[in-house]
Amino acid sequence: MTHRAYSVSEHLFLAAAVISGLLTVAVFCFLFLFGLPLLQSGQLTDLLFSPWAPAKGLYGIYPMLKTSLLLALLSMAIAFPISLGCSFIITSLAPVRLRGFLLAVIRVMTGIPTVVYSFAALFLLVPLMRNLIGHGTGMTILTATPVLAMVIAPTMILFFVNSFTRVSTAYTLATDALGGSETQKLLYVILPQAWPGVVNGVLLGFGRAMGDTMVSLMLAGNSIGVPESVTESARTLTAHIALVMAFDFDSMEFKSVFVCGLFLYILTAVLMMLFRMSTAYFSGRK
Amino acid sequence: MRKLFEDCITILSWFAGLLLITALLFLVAYLVYRGGSSLNVSLIFGETAALDALLLKRQVFDGIFPAIAGTLLLIIGSMFIAIPVGIAGGIYMAEYCSGAIKSLFNLLFDILAGVPSIIIGLAGLLLTIFLNRHFQGQIATCLLVSCLSLALLVLPYLIRTTQTALETVDPVIRKTAPVLGASRLQNITLVLLPNAISDIISGIMLATGRCAEDTAVIMLTGAVATAGVPHSIFGQYEALPFYIYYISSQYNGPDELAQGFGAAIILLILCTGLLISALWIQRRLTTMLLYR
Amino acid sequence: MRKTIYSVSLSLLTATLLLFFASWSLASDDLSSFAEQKGVLRIAGGTAHIPVMKEAAKQIINFNPKIQISIAGGGSGLGIKQAGEGMVDIGNAGRKASEKEINKYNLKLLKWAVDGVGTVVHPKNNVQSLTSAQLQDIYSGKVNNWNEVGGVNREINLYTRDEASGTRKVFWKKALAKGDISVKANVVVSNGAMKTAVAGDPFAIGFVSVGHIDSSVTPLTLDGVTPTLDTVRSGEYKVSRGLYSLTKGEASGLSKLFLDFIMSPTGQKIVADKGFIPVR
């Protein structure tokens with residue numbers, strides 16, 4: 001580090017970074033401040049585990065919590081194998097010329113707005129689901145699942161491909177020299193080496209699945225009951241925030257939204273810290 | 001036995017790829033099928049003459065021109081705020097920061113990048129309520145609040161992109177100017193930034209795409225169903241993604257629905273167009289190993 | 001003979017032209033107060049009011065493009081709250097604001113239409129009427145198959161509104177007699193959305209503003225009374241409500257002009273066109 005005084009521009013650079021960092025913390029503080037009354041009055045366990053019934057004075061976010069988790073886990077269950085398979089293809093299995101094209105297609109997919117996916121699915125999937133399930137409106141957790149999987153898959157694929165291609169060529173060339181097939185190379189050499197990347201990708205994908213609003217808002221029905229099965233209409237934490245924002249700012253209902261927000265924020269922070277810890281753990285192991 | 005397993009994996013991988021691509025094609029084809037017929041001038045301008053609408057002399061009521069204008073204003077406004085702060089922050093992270101502080105900032109920016117967009121929207125709404133309490137009746141949800149919130153949303157991407165772009169400049173190039181007597185600042189502005197510019201611009205385009213497509217943030221901070229083109233940044237506005245969401249839940253008849261599909265196609269073209277230009281710009285400097 | 005025909009047709013023509021000019025000048029009279037104005041008018045709240053608001057805004061803006069009018073939904077609760085907090089100029093509500101709300105914010109109400117809340121089903125549904133008891137049982141979840149009320153053997157899909165909705169509050173108070181609404185009900189966020197949802201789901205039941213009812217949904221006869229404009233006007237259909245606009249304190253500036261316009265003959269004609277009962 002130099003010891004001369006920083007010029008004005010350099011102070012500005014520092015200021016920019018500091019402001020951005022402060023804003024991140026500020027968002028948390030805002031959420032916490034506004035949600036404090038509800039946190040103080042109701043017990044935390046009550047809030048997290050009781051149903052949402054404002055008429056009876058219950059402001060629990062349990063139904064929304066359960067729905068968000070169910071939806072995220074289900075869509076990860078679909079998206080993870082698909083992403084892994086696609087990244088296998090892009091890294092090794094496809095002919096060289098096809099790889100670039102596929103990668104470009106996946107990158108374009110990351111740019112497609114979620115509202116467009118949801119809009120098409122609303123008229124394509126919902127009637128289909130209604131007939132498949134036999135009863136209900138067709139707007140269920142199960143309807144939102146494949147769409148959400150399609151939203152998070154491209155990002156996960158890019159992440160996986162990135163980590164696969166970082167595996168040292170020494171290993172891959174050695175495998176080729178020993179006569180290993182592409183699949184063998186992937187399964188026994190690349191995947192174990194790139195496992196940290198895969199874990200991180202899964203964490204990111206899960207975070208994205210928990211945090212998506214439009215897919216569940218438009219496709220999952222938004223009822224306030226606790227979902228007993230995935231073929232029921234339900235409301236996620238994010239959809240709850242979107243729906244309740246129209247409320248009286250001083251009301252307890254509105255404040256429940258901050259609890260949702262706090263939960264999502266803390267979840268993100270925890271996931272990110274897990275991300276860092278896993279990177280450190282895996283690189284430490286090397 | 002093992003061969004069987006490996007073959008299964010191969011087949012399943014191809015199946016996965018096929019599934020994803022097919023789903024994508026199906027989606028696009030369906031959109032075009034339902035909305036293609038409505039892609040004409042009246043989708044955008046309704047019954048108002050195009051020239052009058054463009055010159056803002058008359059408001060468009062049955063077309064999506066206000067929504068398109070709103071989205072463009074959003075992009076311009078939020079990029080105007082986010083680009084300077086993002087690039088400056090990225091420069092700081094890449095050049096002036098190290099050690100524990102860098103880890104801390106990295107963590108904070110990762111969190112900001114990972115926070116769901118609706119939380120950012122909620123923060124924007126809270127800010128509005130907070131300001132409204134203090135400056136009684138003067139601040140309300142408007143274009144300005146939305147631009148600020150969207151800027152916050154894309155800030156971590158810009159910082160991260162600038163940081164990575166600067167850090168991956170060839171060490172030889174990085175060391176040349178200081179050796180010749182340039183100051184640190186001169187090195188950054190005259191050598192490093194121009195070198196990294198294509199990555200930075202590609203990052204900007206990606207961030208712009210993000211601003212254009214985001215619905216959750218603008219839903220809470222000022223997008224409404226009917227507003228025309230706003231006359232000032234303190235006015236409410238319409239936006240394409242919000243229009244699509246709104247139409248999806250309430251449309252009066254198949255014509256309005258076809259309009260919704262048309263709007264979806266337009267938004268799709270806008271976002272993928274931005275993304276493709278970002279990729280094209282970045283390709284000039286292919287640093288990633290694509291082939292193995 | 002020819003002379004008679006000529007004179008009759010001439011007088012008819014003159015009469016028509018006079019009538020045309022009269023109504024045109026009447027319209028422009030109501031709008032002329034907007035002539036020198038400019039500024040922004042923010043309206044939010046009840047979703048039942050939106051068609052009238054949009055049409056009124058359209059006429060005003062076409063007359064004077066310097067005015068910007070933005071209209072948001074959100075429900076009656078939002079309208080009352082935001083008008084009170086000063087975040088919008090005019091808040092719309094489909095229910096009467098409570099005493100507490102009026103006093104807290106010093107709100108002034110203007111009732112410019114009468115409307116009802118009717119139960120609706122899909123046009124293909126063969127169930128055409130219900131009793132209040134049946135309706136309450138359906139909404140509370142006790143009855144959950146259409147064949148229990150004379151329909152096909154399919155589960156009843158319940159639709160309800162979000163909690164900020166004035167339409168929901170009126171329906172709950174007057175049609176459901178404050179009974180429970182099942183937590184399994186799907187939630188939609190506006191009258192338009194309710195109509196679209198019911199029109200698209202053959203086994204749906206929902207409730208919507210009477211003014212919004214058109215051929216895409218079928219209103220259910222409740223205790224022998226069908227919700228139509230006439231039965232609401234005559235009071236025979238009990239589930240009725242007024243459409244209100246609220247301002248913080250006395251309306252002034254653009255808000256006052258806008259509300260005067262709604263109460264003017266042109267404005268009330270818009271109200272009638274959109275399917276509501278004008279107060280004048």
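Which residues in α3(A) meet which residues in α1(B)?

**Entry 1: the model.** I noted that this is a predicted model, in which local features need pLDDT of at least 70 and side-chain atom pairs count only at pLDDT 80 or more, while totals for chains, interfaces and linings use all residues. Residues are numbered from 1 along each chain as its sequence is written, and chains are lettered from A and ligands numbered from 1 in the order in which they are written.

**Entry 2: α3(A) and α1(B).** I looked up the opening question. From α3(A) come Pro81(A), Ile82(A), Gly85(A), Cys86(A), Phe88(A), Ile89(A) and Leu93(A). They meet Thr10(B), Leu12(B), Ser13(B), Trp14(B), Phe15(B), Ala16(B), Gly17(B), Leu19(B) and Leu20(B) of α1(B). Two residues are in contact if their C-beta atoms, placed from the backbone, lie within 7 Å. Helices are DSSP runs of H or I with at least four residues, strands are runs of E with at least two, and both are numbered from the N terminus. I sorted the residues of this contact by class and got 12 nonpolar, four polar and no charged. Here Ala, Val, Leu, Ile, Met, Phe, Trp, Tyr, Cys and Pro count as nonpolar, Asp, Glu, Lys and Arg as charged, and the others, Gly among them, as polar.

I then looked up the geometry. Axes are lines fitted to C-alpha atoms, for helices over the stretch in contact, and angles run from 0 to 180 degrees between N-to-C directions.

**Entry 3: Ala16(B).** I picked one residue of helix α1 of chain B, Ala16(B). Is Ala16(B) buried or exposed? Ala16(B) is buried, because 21 other C-beta atoms lie within 10 Å; the cut-offs are 20 or more for buried and 12 or fewer for exposed, with partly exposed in between. Neighbours within four places in sequence aside, Ala16(B) is in contact with Pro81(A), Ile82(A), Gly85(A) and Cys86(A). I also checked Phe45(B), which is 29 residues from Ala16(B) in sequence and 42 Å away in space, C-alpha to C-alpha.

Entry 4: I counted 12 helices and zero strands in chain B. The C-alpha trace of chain B spans about 70 × 65 × 35 Å along its principal axes. Chain B has 292 residues, of which 52% count as buried. I found 71 residues of chain B in contact with 72 residues of chain A. Helix α1 (residues 2-35) gives the most to this side of chain B, with 17 residues. By class, the side of chain B that touches chain A has 55 nonpolar, 11 polar and five charged residues.

**Entry 5: inside chain A.** I looked up helix α5 (residues 114-133) and helix α6 (residues 141-165) of chain A, whose axes come within 10 Å and cross at roughly 145 degrees. The contact includes Tyr117(A) and Leu125(A) of α5(A) and Val147(A) and Met150(A) of α6(A). By class, this contact has nine nonpolar, three polar and no charged residues.

**Entry 6: domains of chain A.** The automatic or database assignment gives domain 1 (3-40) and domain 2 (61-285). Their centres, taken over C-alpha atoms, are 29 Å apart. Each domain gives eight residues to the contact.
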